[in-house]
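This report goes through selected features of the structure shown below. It takes the contacts between chains before the details within them.

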Number of protein chains: 4
Amino acid sequence: MKNTFGNNLTVTLFGESHGKAIGAVIDGMPSGVRIDESYIALQMDRRRASSALSTARREADQVQILSGVKDGISTGTPIALMIENTSVRRSDYDDLSDKPRPSHADYSGYVRYRGNGDASGGGHFSGRLTAPLTAAGAICQLMLKEKGISVMTHIASLHGICDRPFDEENLSGDLQILEQAEFPVLDEAAGEKMKQAIREAAADSDSVGGILATAVSGLEAGIGEPWFDSIESMIAHAIFSIPAVKGIEFGEGFGFEKLKGSEANDPFILKDKKIQTLTNHNGGVNGGISNGMPVLFQTAVKPTPSIAKKQKTVDLSEMCETEIEIKGRHDPAIIHRAVPVIDAMTALVLCDLLIARFGCDYFGREKE
Amino acid sequence: MKNTFGNNLTVTLFGESHGKAIGAVIDGMPSGVRIDESYIALQMDRRRASSALSTARREADQVQILSGVKDGISTGTPIALMIENTSVRRSDYDDLSDKPRPSHADYSGYVRYRGNGDASGGGHFSGRLTAPLTAAGAICQLMLKEKGISVMTHIASLHGICDRPFDEENLSGDLQILEQAEFPVLDEAAGEKMKQAIREAAADSDSVGGILATAVSGLEAGIGEPWFDSIESMIAHAIFSIPAVKGIEFGEGFGFEKLKGSEANDPFILKDKKIQTLTNHNGGVNGGISNGMPVLFQTAVKPTPSIAKKQKTVDLSEMCETEIEIKGRHDPAIIHRAVPVIDAMTALVLCDLLIARFGCDYFGREKE
Amino acid sequence: MKNTFGNNLTVTLFGESHGKAIGAVIDGMPSGVRIDESYIALQMDRRRASSALSTARREADQVQILSGVKDGISTGTPIALMIENTSVRRSDYDDLSDKPRPSHADYSGYVRYRGNGDASGGGHFSGRLTAPLTAAGAICQLMLKEKGISVMTHIASLHGICDRPFDEENLSGDLQILEQAEFPVLDEAAGEKMKQAIREAAADSDSVGGILATAVSGLEAGIGEPWFDSIESMIAHAIFSIPAVKGIEFGEGFGFEKLKGSEANDPFILKDKKIQTLTNHNGGVNGGISNGMPVLFQTAVKPTPSIAKKQKTVDLSEMCETEIEIKGRHDPAIIHRAVPVIDAMTALVLCDLLIARFGCDYFGREKE
Amino acid sequence: MKNTFGNNLTVTLFGESHGKAIGAVIDGMPSGVRIDESYIALQMDRRRASSALSTARREADQVQILSGVKDGISTGTPIALMIENTSVRRSDYDDLSDKPRPSHADYSGYVRYRGNGDASGGGHFSGRLTAPLTAAGAICQLMLKEKGISVMTHIASLHGICDRPFDEENLSGDLQILEQAEFPVLDEAAGEKMKQAIREAAADSDSVGGILATAVSGLEAGIGEPWFDSIESMIAHAIFSIPAVKGIEFGEGFGFEKLKGSEANDPFILKDKKIQTLTNHNGGVNGGISNGMPVLFQTAVKPTPSIAKKQKTVDLSEMCETEIEIKGRHDPAIIHRAVPVIDAMTALVLCDLLIARFGCDYFGREKE
């Protein structure tokens with residue numbers, strides 16, 4: 001439903017880039033979950049613009065919890081999260097209101113809302129709205145941690161530069177690396193090259209994109225629903241909500257095209273008396289339902305459309321061709337900032353599916 | 001919601017491969033839509049097993065319309081579609097009930113349903129349930145045709161063999177080709193090679209997969225919702241419901257990784273006084289909302305997991321490793337049969353989004 | 001959503017009075033629930049036309065389970081229920097298609113569906129569609145029985161004739177009476193008077209209505225959701241779906257107008273070390289959530305609008321005033337037949353809310 | 001879904017009586033609707049505590065619009081409304097946290113949320129959360145006014161004192177009276193008696209309830225959905241969300257028990273060449289769908305459970321019987337304050353159903 005996502009655990013998103021505030025409401029929240037605000041702040045930090053790589057705009061991104069938490073514990077009723085917009089320079093954008101920026105939502109949103117939309121800085125379509133999603137997802141990650149489930153994401157490749165793949169035998173090790181990394185890669189050297197590529201794109205008034213790889217460890221078998229609420233359908237739905245995402249694949253994904261069935265199938269084996277698969281080409285999901293192996297997927301993130309180069313566009317009021325130069329503050333790459341957002345949306349989906357199966361009392365605990 | 005998909009126009013799916021009947025209920029159906037049963041039958045034919053390429057199982061797949069249509073016109077109340085299962089050889093599958101087939105839903109479904117599931121032939125997870133989806137989608141395609149919107153899909157590549165891409169300047173020509181094609185490719189010669197590859201896989205008791213490309217022509221700008229009900233989120237959700245789908249990308253998708261922002265952006269231009277984009281790297285969608293250009297996406301389909309080769313698995317009752325040979329009837333490739341299913345699910349999403357914007361009276365007409 | 005109701009456990013309804021078949025799909029069904037078909041048949045019998053009191057139309061109402069049940073146990077995937085329409089005399093109704101019957105859905109449905117609706121015998125609006133709802137509800141009642149929860153309904157009053165009220169101290173006794181009663185009253189003598197009143201109305205080509213009282217025993221405290229998915233909101237939503245229902249009240253309901261707060265409040269007490277309330281004016285619900293006391297509500301059912309007397313109406317094609325005489329088969333009272341439908345819809349809501357709280361594995365069990 | 005209501009136009013509610021803020025998010029909002037903040041403020045005033053009749057607590061109830069409105073016009077993206085809690089005296093309530101107040105949600109909420117809920121002043125269950133609902137509903141009423149649809153409510157009776165009924169021939173006159181009334185009655189003399197009864201209850205540390213009557217004028221025929229989203233189901237669902245509501249009836253409602261079919265049916269007639277009904281016993285709804293006549297319903301509101309008299313309850317930590325005296329601020333009657341809340345929820349349902357039929361562009365307009 002438009003700005004609400006989820007079945008049992010839902011998140012409702014609101015706000016515009018240059019409005020008073022942005023935020024999210026989490027409903028279906030289990031009671032008795034410890035809400036560690038420092039963990040939320042940590043995820044917000046990961047999403048925030050950092051150093052030379054990112055936009056000069058620095059929002060404090062102070063997440064206010066308006067409801068649903070008492071003495072650091074979830075009450076079970078809706079958690080409303082709000083972030084006030086404090087660093088708004090609307091003037092940077094105002095002259096663009098009639099000149100839609102290429103590959104942004106300016107034009108499609110203009111038609112959708114019959115010219116009434118708030119286009120400044122992307123308005124409701126702004127990547128800035130991933131901030132409350134990240135906060136909401138951080139709360140979901142706190143729930144997953146209760147159950148020993150971890151979600152982790154790294155930049156698998158950026159404009160041709162590749163990180164090493166996840167070590168599926170040691171995902172807890174990779175998780176540790178990523179939790180401490182200032183830049184979300186497993187191989188620091190690869191990360192340095194990526195950062196260099198980002199700086200070069202910036203110097204050229206251009207931008208770059210890449211591919212993110214995500215792993216979920218600790219998810220038991222039997223989670224997900226057949227057909228429309230499969231893990232893959234739900235995660236894909238959630239991930240495509242994130243601006244600049246243009247593709248998702250599970251397991252081998254598009255690489256399956258090169259494999260035969262006999263190469264692609266994952267035989268079942270017993271390991272420590274538990275059922276596992278010998279390989280994990282299917283990324284931990286069979287028939288839309290988890291099989292107990294790590295859930296693996298990759299996400300394609302396009303280059304940031306906001307570039308400083310002069311671009312062609314159309315003047316909507318004059319209905320003539322024209323050019324724009326996007327001033328304002330923008331990122332030569334957003335892919336590293338998308339990492340905690342991917343983690344957040346994935347955590348939200350997993351909590352939702354776990355609650356569908358086990359009920360809302362599955363997470364949290366009775367008050368002592 | 002599990003077996004119901006859509007917001008304003010919904011489809012609810014039911015049935016098992018070897019049960020009495022399979023079917024779907026369409027709700028939110030506009031009144032006054034001409035329901036051309038021969039068009040539904042045509043789509044069912046496209047989905048059905050054909051010739052040497054596909055399984056020997058031949059269901060008549062006779063779609064019965066139980067409700068919601070009077071004198072060939074939709075009444076506006078739910079259309080229930082039912083297909084009786086007439087050609088069921090349950091014995092082929094029964095000995096497998098304790099031996100989950102690799103990369104099928106047998107094991108994950110076993111855990112999900114606590115051993116109570118009907119596993120014969122995949123049960124509720126069977127690809128056979130795409131038959132009622134195809135019928136429901138055919139009805140949606142009839143609605144889209146009223147408005148000049150077409151959905152078309154071809155096999156872009158199959159195990160390394162590529163079809164020519166869509167001609168975006170002449171999608172109506174490509175549509176004609178695909179409507180008449182016995183095998184869903186644009187270049188007949190490529191199709192012959194693909195069929196040969198399928199036959200070779202079959203001869204080797206193996207299977208192959210590939211990539212499907214889909215185009216939507218005639219969709220106006222401004223359709224789709226921000227964030228969670230974007231065209232991309234909704235189509236991805238729907239497409240991942242189809243068994244064997246493991247990836248989806250819009251426009252350049254994973255190829256964006258190779259492009260810089262200045263190469264990836266689609267500048268707005270005026271053409272015949274209408275706003276268009278010079279290129280269409282974004283596949284007709286900006287910010288989740290249509291921009292008036294053709295909507296383009298590609299779907300990764302894994303090789304059919306049912307292969308005749310002996311495979312490793314685990315015996316669930318004995319909890320020991322064992323092997324299986326899948327007898328029964330199965331396809332060396334299902335990708336060509338997935339084509340009408342992709343079209344169907346895409347049509348369903350588009351009708352749903354159009355109704356969200358324009359209401360349920362947008363389609364169909366008043367009785368004369 | 002139009003013809004789908006419920007959040008976690010949903011029912012989707014389809015069919016028309018005079019079409020091929022009517023039915024319902026239950027989704028979100030727990031796996032491992034014993035599906036006792038004779039119990040379903042029993043509820044269908046209670047709903048069916050009986051003796052001189054009800055319409056001469058006698059449908060076999062044979063419920064076919066098309067999917068979701070294997071060897072008498074729910075699989076966890078959708079249960080599709082279908083009842084074929086075998087006793088259709090469309091001619092009785094056809095001449096009325098342009099002359100809407102007063103207080104039926106004929107005219108409002110005509111406008112809603114732009115003249116395309118199937119009006120014969122009420123079409124999709126027909127009370128006949130309560131048959132699949134009753135079957136679906138019977139399955140829910142089987143689940144509730146697993147947990148010691150019972151739903152029971154009697155005719156509290158019919159055109160001025162009153163039954164004795166529930167004995168809240170002995171609801172299991174009242175349940176026994178109602179399970180064995182041919183006519184759903186607690187006091188047989190009152191029942192005889194009611195039947196006499198129905199016969200008199202019939203003799204006068206007229207009809208009567210009344211008030212049903214429902215009790216739920218065995219429901220623990222803490223079930224229901226705040227605000228929009230309160231027990232009261234959900235039950236009211238479900239009950240108003242039943243044709244001819246025009247009112248619902250919980251506990252004292254409209255009688256609260258006569259009470260002061262000090263008379264209306266239900267003090268908490270301890271009884272057998274358990275928290276109860278001394279009185280139950282609130283009908284077992286506080287703040288929308290169960291408090292452990294019996295849930296009590298009353299439903300107003302209007303007189304059947306189908307009467308044999310000549311009535312004024314408008315001819316829709318000629319747009320002039322005219323008269324109709326409704327031939328066909330109709331009931332002088334449907335209130336006794338509404339009893340199992342009320343029980344069914346109530347059971348559906350309770351299962352839905354219990355699954356929301358405790359998950360779908362709360363009901364049913366693992367396969368042995 | 002718990003704290004979200006509606007299908008196409010939804011409202012999501014958050015907050016606790018004594019938390020930082022309460023609020024609501026409206027999604028599915030049409031673009032181009034003029035948002036008159038003074039009209040919202042007017043509805044807030046009607047809901048707020050007034051004079052000697054109501055609680056001494058006086059919230060400024062300043063509604064902040066955080067998003068979705070630009071230059072007084074709706075953008076089409078979510079409108080978030082927030083009201084900060086400024087007048088919180090938590091101490092009045094804190095000693096009650098273990099002693100549930102009779103007929104409040106304290107105990108049922110305690111069980112529902114496993115002791116983690118915020119019980120102060122009712123927490124999330126507090127009637128205070130009707131403030132953001134009223135604000136959201138005011139926005140819906142602005143939309144309905146665009147289309148000539150009015151919702152109006154008066155106190156039909158209060159502890160035995162009756163107002164005159166609506167004049168169905170002159171609802172616009174009654175609307176005028178109610179818009180200007182300080183106390184929501186049609187007959188001022190009756191209102192004085194009611195106020196006297198409220199003052200007497202207050203003097204006696206007691207409270208009173210009553211019955212509200214609502215009329216909707218100007219709604220065309222054909223609005224509503226069959227079965228589960230009927231006007232009656234949707235309005236009942238919404239109205240039962242309001243604290244203290246214990247009953248609802250449409251048209252004659254429970255009074256139908258006294259009528260025969262021939263007396264209860266509403267014959268169709270032609271009046272000024274338009275189809276109407278001669279009587280309106282069915283309250284403007286047939287088969288769940290509007291028939292063009294005024295929609296009429298009545299709501300039962302129980303006496304405020306917060307009374308100053310000493311009451312029995314149970315101490316949850318000691319598990320022993322005890323007594324409480326509710327201090328804090330409370331109302332001897334809330335029925336007059338419920339009036340704008342009823343109007344608000346009704347307006348929300350009507351907008352939702354109109355958008356379902358006609359799309360979200362039905363309301364509002366293109367930017368000039």
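## Chains A and B

In strand E11 of chain B, Ile248(B) is the bridge partner of Ile248(A). The model is predicted. The two strands involved are E11 (residues 245–250) of chain A and E11 (residues 245–250) of chain B. They pair in the antiparallel sense, over 3 bridges.

The contact between the chains takes in 86 residues of chain A and 86 residues of chain B. On the chain A side, 36 of these are nonpolar, 33 polar and 17 charged.

## Chains C and D

Chain C puts 86 residues in contact with 86 residues of chain D. Sorted by class, the chain C side has 36 nonpolar, 33 polar and 17 charged residues. Strand E11 (residues 245–250) of chain C and strand E11 (residues 245–250) of chain D run antiparallel and are joined by 3 bridges. Within this pairing, Gly247(C) stands opposite Glu249(D).

What rotation superposes chain C on chain D? The rotation is 180°, with 0.0 Å of shift along its axis and an RMSD of 0.0 Å. That is the relation of a two-fold axis. The same surface serves both copies, since 100% of the contact residues of chain C recur in chain D.

## The five-stranded sheet of chain D

Chain D has an open sheet of 5 strands. Their order is E1-E2-E3-E7-E4, and the pairing is antiparallel. Strand E1 (4–5) and strand E4 (63–65) of chain D stand at the edges. Each has a single partner strand, so one side of each is left without a neighbour in the sheet.

E1(D) pairs with strand E2 (residues 10–15) of chain D over 2 bridges, in the antiparallel sense. Here Thr4(D) stands opposite Thr12(D). Helix H4 (residues 130–146) of chain D packs on the sheet. H4 touches E2, strand E3 (21–27), E4 and strand E7 (79–84) of chain D. The direction of H4 makes about 30° with that of E3(D).

## The sheet of chain A

In chain A, 5 strands form an open sheet. The order is E1-E2-E3-E7-E4, with antiparallel pairing. Strand E1 (4–5) and strand E4 (63–65) of chain A are the edge strands, and each pairs on one side only.

The pairing of E1(A) with strand E2 (residues 10–15) of chain A is antiparallel and has 2 bridges. Across it, Phe5(A) stands opposite Val11(A) in E2(A).

## A hairpin in chain D

Strand E17 (residues 311–315) and strand E18 (residues 320–324) of chain D run antiparallel. They are joined by 5 bridges. Lys312(D) stands opposite Glu323(D), which lies in E18(D).

The hairpin has 4 residues between the strands. Met319(D) takes a positive phi there, near 50°.

## Ala308 of chain A

Where does Ala308(A) have its place? It is in the loop between strand E16 (295–301) and strand E17 (311–315) of chain A. Ala308(A) has 18 C-beta neighbours inside 10 Å, so it counts as partly exposed. A residue needs 20 or more to be buried, and 12 or fewer to be exposed.

Leaving aside residues up to four places away in sequence, Ala308(A) touches Ser205(A), Glu325(A) and Ile326(A). Asp331(A) is 23 residues from Ala308(A) in sequence. In space, the two are 9.9 Å apart, C-alpha to C-alpha.

## Helix H9 of chain C

Helix H9 (residues 335–358) of chain C has 24 residues. From its first C-alpha to its last, H9(C) reaches 34 Å. That is close to the 34 Å expected at 1.5 Å a residue.

Is H9(C) mostly covered or mostly uncovered? H9(C) is mostly covered, with 22 of its 24 residues buried. Gly359(C) comes just after the helix and takes a positive phi of about 90°.

How values were computed. Residues numbered from 1 in each chain as written. Chains lettered and ligands numbered in written order. Predicted model: local features only at pLDDT ≥ 70, side-chain atom pairs only at ≥ 80, totals over all residues. Pairing = 2+ DSSP bridges. Contact = placed C-beta atoms within 7 Å. Axes fitted to C-alpha atoms, helices over the stretch in contact; angles between N-to-C directions. Nonpolar A, V, L, I, M, F, W, Y, C, P; charged D, E, K, R; others polar. Least-squares fit on C-alpha atoms with pLDDT ≥ 70 in both. Expected span 1.5 Å × (residues − 1).
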